[in-house]
Amino acid sequence: MASQEWFSSLEVVLFTVFLVTLSTWLLLRKKVRSWGYAYVISLTPKVYNREMDKHKRRLFSTLNSGRSAKNKEILEVGAGGGANFQYFPPECLVTVVEPNPDFEKYLRQRARANPHLALKSVVVAMAENMAEVADDSMDAVVCTLVLCSVRDPAAVFSEVRRVLKPGGTFYFLEQVRGKAGSWTNSFQAVFDPLLQLFYGGCSVQDSTWEDLRKAGFSTVEWQRISGPKSWWIFAPHVMGTAVK
């Protein structure tokens, strides 16, 4: 009887150790993945911007027009490593909404490298719920290479419209699905689940332009462009603006 009780106690101890080990591993795995993703993405701005510079300059050119560029309030959703900061106008005030807290270090480094702007705050939140950003407070909202990883684009666009001042502009540049019938489109359909697994949940099956048409903006202008050729499965892009 004593032997059976001893084995029972040992089983409880071993099971407890297993649960603690498993919980610790899952927490560390999540943290390492979060940190690792932030580190890798922080390295990409130079490569991506080099190939997309002409498109970004064209897209963001109107940030310097309209309301005075000085003290212009800009919200960037999912800024990652701050790859767009160099394109923002002088003396603008930037607020960032970023769900991954491990990006903040890289965002502040990028802001110091771009002293023409002021990084007001980094809000850790999902794009679908930006409650810490006040209504009608932003002259512009910027979102690039983000919408592919959100699961409720309608909620994101609703939040963008909420925080924009009347007449404010939403700037977007996103990876999307290739044209129907193309080889790229076919490969995207096959490999999309795998790509989501390794690229932070990013899907290459999105139709951003269709979602924006239904979002309630007063005007929406967009065009298809080609992203970096070396990332051919991610190459189909759309970019444009939507006005509140």
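Trainee: Hi! What should I know about the model before I start?

Mentor: It is a predicted model, where local features need pLDDT of at least 70, side-chain atom pairs count only at pLDDT 80 or more, and totals for chains, interfaces and linings use all residues. Residues are numbered from 1 along each chain as its sequence is written, and side-chain values use heavy atoms, with hydrogens and water left out.

Trainee: Thanks. How many helices and strands does the chain have?

Mentor: There are six helices and seven strands. Helices (H or I, at least four residues) and strands (E, at least two) are DSSP runs, numbered from the N terminus. Read from that end, the order is α-α-β-β-α-β-β-α-β-α-α-β-β.

Trainee: And how much of the chain is buried?

Mentor: Of its 244 residues, 44% count as buried. Buried means under 20% relative accessible area, exposed means over 50%, and partly exposed is in between (1.4 Å probe, protein chains only). The chain exposes about 13200 Å², with carbon and sulfur atoms supplying 60% of that area. Those areas come from the Shrake-Rupley method with a 1.4 Å probe; for residues, only the protein chains shown count as cover.

Trainee: What share of the contacts comes from residues 24 or more positions apart?

Mentor: Such residues account for 72% of the contacts with a separation of 6 or more. Contact here means heavy atoms within 4.5 Å.

Trainee: Let's go inside. Which residues touch the most other members of the largest nonpolar core?

Mentor: L75, V141, F170 and F217 do, in a core of 28 residues. A nonpolar core is a set of buried Ala, Val, Leu, Ile, Met, Phe, Trp, Tyr and Cys residues joined through side-chain atoms within 4.5 Å. Strand 1 (73–77), strand 4 (138–144), helix 4, strand 5, helix 6 and strand 7 (236–243) each supply at least two residues of this core. Helix 4 gives the largest share, four residues. Another core, of 25 residues, lies apart from it and has Y87, F103, A140 and L173 among its members.

Trainee: How many aromatic pairs are there?

Mentor: The count is seven aromatic pairs. Rings of Phe, Tyr and Trp (its six-membered ring) pair if their centres lie within 6.5 Å; planes under 30 degrees apart count as stacked, over 60 as edge-to-face and the rest as tilted. Take F157 and F170: their ring centres are 5.9 Å apart and their planes stand at 65°, so this pair is edge-to-face.

Trainee: Where do F157 and F170 sit in the chain?

Mentor: F157 lies in helix 4 (residues 153–163) and F170 in strand 5 (residues 164–175), so the pair ties together parts that are 13 residues apart in sequence. F157 is buried at 1% relative accessibility, and F170 is buried at 0%.

Trainee: What about F170 and F217, stacked or edge-to-face?

Mentor: Stacked, with 6.0 Å centre to centre and 10° between the planes. That pair links distant parts of the chain, 47 residues apart: F217 is in the loop between helix 6 (208–213) and strand 6 (219–226). Leaving aside neighbours within four places in sequence, the contacts of F217 include F157, V160, L164, F170 and L212.

Trainee: Which residues form an aromatic cluster?

Mentor: F60, F85, Y87, F88 and Y171 form one.

Trainee: New topic: how many disulfides?

Mentor: Zero disulfides, where a disulfide is a pair of cysteine sulfur atoms within 2.5 Å. C92 is buried at 0% relative accessible area, and C143 is buried at 1%.

Trainee: Which residues have a positive phi although they are not glycine?

Mentor: D136 has one of about 50°, and L145 has one of about 55°. Most residues other than glycine have a negative phi. D136 is in the loop between strand 3 (118–123) and strand 4, and is partly exposed at 41%. L145 is in the loop between strand 4 and helix 4, and is partly exposed at 29%.

Trainee: Last one: what does the side chain of E159 make a polar contact with?

Mentor: The side chain of R162, at 2.8 Å. A polar contact is a pair of N or O atoms within 3.5 Å; within protein, one must be able to donate a hydrogen and the other to accept it, and residues adjacent in sequence count only if both atoms are side-chain atoms. A polar atom of the E159 side chain also lies 2.6 Å from the backbone nitrogen of M130. E159 is in helix 4 and counts as buried at 11% relative accessibility.
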